[in-house]
Amino acid sequence: MPRAASYLFVPGNRPERYAKALSCGADAVIVDLEDAVPPAAKAAARDELRQWLRGANARVIVRVNAAETSWFADDLAACASPNVAAIMLPKADNPGDLAACARVAPHARLLPLVETAAGFDALRSLVTVPGVERIVFGSIDFQLDLGISGEGEELLFFRSQLVLASRLGGLAAPVDGVSTEIQDAGIVQADAAKARRLGFGAKLCIHPSQVAPVNAAFRPTAQEVEWARRVLDASARAEGAAAVVDGKMIDLPVVLRARAILEQET
C-alpha cells in the first residue's frame, strides 16, 4: 500500500471542518491543537476533538502542543483514543518527549516535527525512537529559528540531511513543510515535485486546494511510467546480459528504480 503523500491540517477548534477535510482526498488529516488554535481556545478545542473522537468512523493525526507547554499533558491524554492514528509533536528535539507520547498512546505512530536548530541537531536520535514513522519538516518555523530568509537553496542542506537521517534510521521518506500559496495549484505542485526530487515522500497541506496538486506531484508521471516499463522489458529480454534503453546502459540499480516507479503507480 502506498504511503501517505498529502497531510492536510484542519484547525482543532473547527470541528465542523473535520468531515470536509476527511473527504477532500488527502491521504491523512491532522487535527491541529497547536498553531491553529489561540491560547484562550486550547482547552475547548481539545474537548471538541475528544468528543468527536468518541463517535468517529475515521482516524486522524493530532498535532499536540509542544512538550514544554502547559497544554501538552492534556493534549496527550486526548490522544489515547484508538481513533488517533498518529501524534505529531512540534518543536521535537528530545527523544524522551516522543517516548512519553508512546507511553500514553502506544497504538499511535509518531511524527516528530523538526522546526528548530535543536531539533535538527537531534535528528539522529529522533529517528531511532520506537514508534517514529517519519520526520516532518517545519520549514517556516525553522527559517524563523535560524534567521534564514528563503525557501529554496537556503534550505537545501537541511532538507537533504532530513532525507539522509530518515534513510539511515530506516524510516519512510520525510514529509516536507507547507507551501503558503493556496490559489495557484501550479506553484504548489512545483514545490511538491521539487521535494520529491530531493527524496521527500510527502508534503504538508494547509488548505484543501493544495491536496490534489500535492498528490499529483508524488505520483509518477506518464513519462516516468513509460520509461520504467521499457526498462523492465529490456531487462527481461536481456536475460541477465547488458541492456540499453535510450542509449544508456541498464544495470541493477536502474532496474530497481523502474520497479519502484511502477509500484508507486499502483
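Predicted model: local features only at pLDDT ≥ 70, side-chain atom pairs only at ≥ 80, totals over all residues.
Me: Where else should I look for a positive phi? Take Lys91 and Asp246: what is phi in each?

Reply: Lys91 is not a glycine, yet its phi is positive, near 50 degrees. Asp246 is not a glycine either, and its phi is about 55 degrees.

Me: Where do Lys91 and Asp246 sit?

Reply: Both are in loops. Lys91 belongs to the loop between strand 4 and helix 4. Asp246 belongs to the loop between strand 9 (243-245) and strand 10 (248-250).

Me: Why is Asp246 called exposed?

Reply: Compare its relative accessible area with the cut-off. Exposed means over 50%. Asp246 has 53%, so it counts as exposed.

Me: And why is Lys91 called partly exposed?

Reply: The buried class ends under 20%, and the exposed class starts over 50%. Lys91 has 24%, so it falls in between.

Me: Now Val129. Is it buried or exposed?

Reply: Val129 is buried, because its relative accessible area of 9% is under 20%. Its place is the loop between helix 6 (123-126) and strand 6 (136-137). Val129 and Lys91 are 38 residues apart along the chain, and 16 Å separates their C-alpha atoms.

Me: What about Leu168: buried or exposed?

Reply: Leu168 is exposed, since its 56% is over the 50% cut-off. This residue is in helix 8 (residues 156-168). From Leu168 to Arg196 is 28 residues in sequence and 18 Å in space, C-alpha to C-alpha.

Me: Back to helix 11. How far apart are its end C-alpha atoms?

Reply: They are 24 Å apart. Helix 11 (residues 222-238) has 17 residues, and at 1.5 Å a residue it should span 24 Å, so the two values agree.

Me: Which residues of helix 11 are buried?

Reply: First, a general idea. An α-helix has 3.6 residues a turn, so residues three or four places apart point the same way. Now the case here. The buried residues in helix 11 are Val225, Trp227, Ala228, Val231, Ala234 and Ala238. Look for that spacing in the list.

Me: Let's turn to strands. How many residues of strand 4 are buried?

Reply: Strand 4 (residues 84-89) has 6 of its 6 residues buried, so it is mostly covered.

Me: Which strands does strand 4 pair with?

Reply: Look for bridges. Strand 3 (residues 60-63) runs parallel to strand 4, with 4 bridges joining them. Strand 5 (residues 109-114) is also parallel to strand 4, again over 4 bridges. Follow Met88 in strand 4. It stands opposite Arg63, and its bridge partner in strand 5 is Leu111.

Me: What units do the helices and these strands make?

Reply: Trace the path from strand to helix to strand. Strand 3, helix 3 (residues 72-78) and strand 4 form a right-handed β-α-β unit. Strand 4, helix 4 (residues 95-104) and strand 5 form another right-handed β-α-β unit.

Me: Which strands pair with strand 8?

Reply: Strand 1 pairs with strand 8 in the parallel sense, over 3 bridges. Strand 7 (residues 175-176) runs parallel to strand 8 too, joined by 2 bridges. Lys203 is the bridge partner of Ser6 and also of Asp176. Strand 7, helix 9 (residues 185-198) and strand 8 make a right-handed β-α-β unit.

Me: Last topic: pockets. How much space lies in the second largest pocket?

Reply: The general idea comes first. Rolling a probe the size of a water molecule over the atoms shows where empty space is left. Here the second largest pocket holds about 460 Å³. It is lined by 25 residues, and the closest to its centre are Phe9, Asp32, Arg63, Val178 and Ile206.

Me: Which element gives the largest share of that lining?

Reply: Strand 1 does, with 4 residues. By class, the lining has 13 nonpolar, 5 polar and 7 charged residues.

Methods
Residues numbered from 1 in each chain as written. Heavy atoms only, no water. 1 Å grid on protein atoms, 1.4 Å probe; cavity = no way out; pocket = protein on both sides within 12 Å on 5 of 7 lines; lining within 4 Å. Points joined across faces, edges and corners; volume = space filled by probe spheres on them. Nonpolar A, V, L, I, M, F, W, Y, C, P; charged D, E, K, R; others polar. Buried < 20%, exposed > 50% of the residue type's maximum accessible area, 1.4 Å probe, protein only. Pairing = 2+ DSSP bridges. Right-handed = clockwise from strand over helix to strand, strands pointing away. Expected span 1.5 Å × (residues − 1).
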